[in-house]
Structures are given as C-alpha cells and as structure tokens.
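Trainee: Could you take me through one part of this model in close detail? I would like to look at the charged side chains and their pairing.

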Amino acid sequence: MDLKVPTIDFRKSSELEKGNEKWNLARDEVYKALEEYGCFEALLDGEIPKERLYEKLKQIFNFNLEKKFGNSQNVLVGYTRDNPRIPLQERMIIDNVLNHGVIDNFSNILWPHEGETEFSDLVLTYSKKLSEFGDMVRRMVFDKLGLENYLDEHKKTGDCLLALIKYRAPKSEETNVGVPPHTDKIISTILSQHDQHVNGLQIMNKNGQWLDVQYSSPHSYIFLVSDCLKAFTNGRLHCPTHRVIMGNEERYSMGFSTIPKEGYIIKVPEELVDDDHPLLYMPFDGSKYLPFYLSEAKRGIFVTLESFCGVSVNISNLS
C-alpha cells in the first residue's frame, strides 16, 4: 500500500460533466481514495480566497476573543481556548455559516462599530466554494454506488459549519498533541492550512500506521469522511482516525464541515445491503450522535460508531 494520502486534481473541474470520461475517471479516483483511506488531498482552483482569509484570520487571533465571545467548552459553539483536552488549540466556530446574516453577525462581534465587510466577503466566498466542492464529491460517491435517487434528499440533511483554528507551539513541558486521535461524528469535513510546510495532521490507515498528511500545494485541501457518511454507505467508505501533532511552529487551519440537521435519520439504503454486504448500522438520528459521544466521554466511556448504532447495540442509543 502507498503510504501517502492520494492526491486528486480538480483544478479543471469545469470539464467534469456527469457521464463524460473525465468525470468517470475522477469519480473512480475519489471513490477508491475514500474506500481505502477515507480521505484525499484535493487540488482546487485559485478562485478560493484562502490566502487572504488566512491573513485576516491571523489578525483576528490577536484580538481579545474571550472578551468578545466568552469561552465555551461546547465544540460547536462560538469560541474555545484552554480546553484541557486540547490545550494547544484556540478555535472560533461559525455555525450555519451559509445561512443569511450569520457571517455578518459573526463579523459584527469582531468589529462592532467598524462596518467591516472584507472578512464577511472572504468567509462567504470560501464557504460557498467548498460547499460546491463537497457537493461534487457527494455526487461522485452516489453515482459510483448507484444512489442517484437519494442525492437530492441527502443534500437537504446537512448544515454547514466553519471552524477557524489556531494551534500554538507547545512549551517544553507540554504535550505536542494538538488534537488527540478521533473520528469525526458528523458527515464530512474539508480541511485546509495556512502554510503548506507547517504540517501536523496525521491519519491512521487500515493497517494501523500513522501517515503524515502533506499539503503539496497552496491550492491543497483535505476531504475527510466522517462517521455519519460511513454509516449511510453501510461501511463502504472508510472513516479515518486522525490527530494533530504539533512541531515548534504555530499552525493555522480551517475546517468546513457538514453536520447532520436535527431530526435527520441516517438509514442505510436498501441498495447497499445484500448477501455480501449485510446491514452494519441501524437507523439513527445523526444530530444526537455527537452530543451522546461527548456526554459519554465525560463519564470516561469511549463511544464508537459501532457501539452507538451497530446492528447489535442497545436500541435506546438511537432514538
């Protein structure tokens, strides 16, 4: 097995039309990568204002953000720092980032009397472009699995969230673990980082080996399968355990995530169940998975997708 996350070039995505040869080749590359690794490096075009947004982000992290936002330990709310589990990470969350007015409201917290518009414009363009790319990946996966009839419904089941993250370098006596090993309890995430040479993300392959994820270009992004997409595909797609290991330089990252809407029931399509692929996961409310995981973690109980909704689990977890 190649000990490197696959790289797929989408910089000429306008040439990808469903059914043509280029689409089929890219679709097959995407599916193979997600089946084997649960992720891939995507090279996207330069229309995404990533560098400008990161420069703005570096300025923002010099603000007194705790004064502006407060400090919450809720992983999906506002602003977090000095979390004992992830002490090197400082993070802002923009939930429902593509909903009308959300980005402007967030910007007004940062610049309450200045009428700042550049940040809002950059975040909106960045998020729209990555949402479009995420939709393309989903179309390719559904096309490969013969699930086109489920696509429109599935697109309505997720909300978008943007995490803006700074990792400080550890002090000499501190851990170098920026984020401990985990799988994401959502649908999918698209990651980027500011400096392609300041790496830290690692994924575990199916053989239990940690692979350094390299961003080979300023136009690189990492698409990651999360637990809910793995469940929906009845385990066809792999969901990789991943972590962040810090070196001696600070690191800036952004995560554009699709999270299950409240009340969305994740159910394996009947087309993906047969004698060779028995049902692996019971239907469950995707919006309740992450809160359940976090509540159990406080009690010292480690919840996996299999222990939460595997076919043999207690049905009370799923309602």
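Trainee: Is Arg81 buried, partly exposed or exposed, and what is its relative accessible area?

Mentor: This is a predicted model, in which local features need pLDDT of at least 70 and side-chain atom pairs count only at pLDDT 80 or more, while totals for chains, interfaces and linings use all residues. Residues are numbered from 1 along each chain as its sequence is written, and side-chain values use heavy atoms, with hydrogens and water left out. Arg81 is partly exposed, with a relative accessible area of 31%, where buried means under 20%, exposed means over 50% and partly exposed lies in between, for a 1.4 Å probe and protein chains only. The side chain of Arg81 forms a salt bridge with that of Asp82, at 3.2 Å from N to O, the term being used for a side-chain nitrogen of Lys or Arg within 4 Å of a carboxyl oxygen of Asp or Glu.

The whole structure holds 17 salt bridges, and one of them pairs Arg27 with Asp28 at 3.0 Å, N to O. Here Arg27 is buried at 14% relative accessibility, whereas Asp28 is partly exposed at 29%. A further salt bridge joins Glu250 and Lys166 at 3.7 Å, N to O. That pair links distant parts of the chain, 84 residues apart, with Glu250 in the loop between strand S11 (242–245) and strand S12 (251–260) and Lys166 in strand S5 (residues 158–167), strands being DSSP runs of E, at least two residues long, numbered from the N terminus. Glu250 is partly exposed at 38%, and Lys166 is buried at 15%. Finally, salt bridges with shared partners connect Lys18, Arg27, Asp28, Asp143 and Lys144 in one network.

Methods: Helix = DSSP H or I, 4+ residues; strand = E, 2+ residues; numbered from the N terminus.
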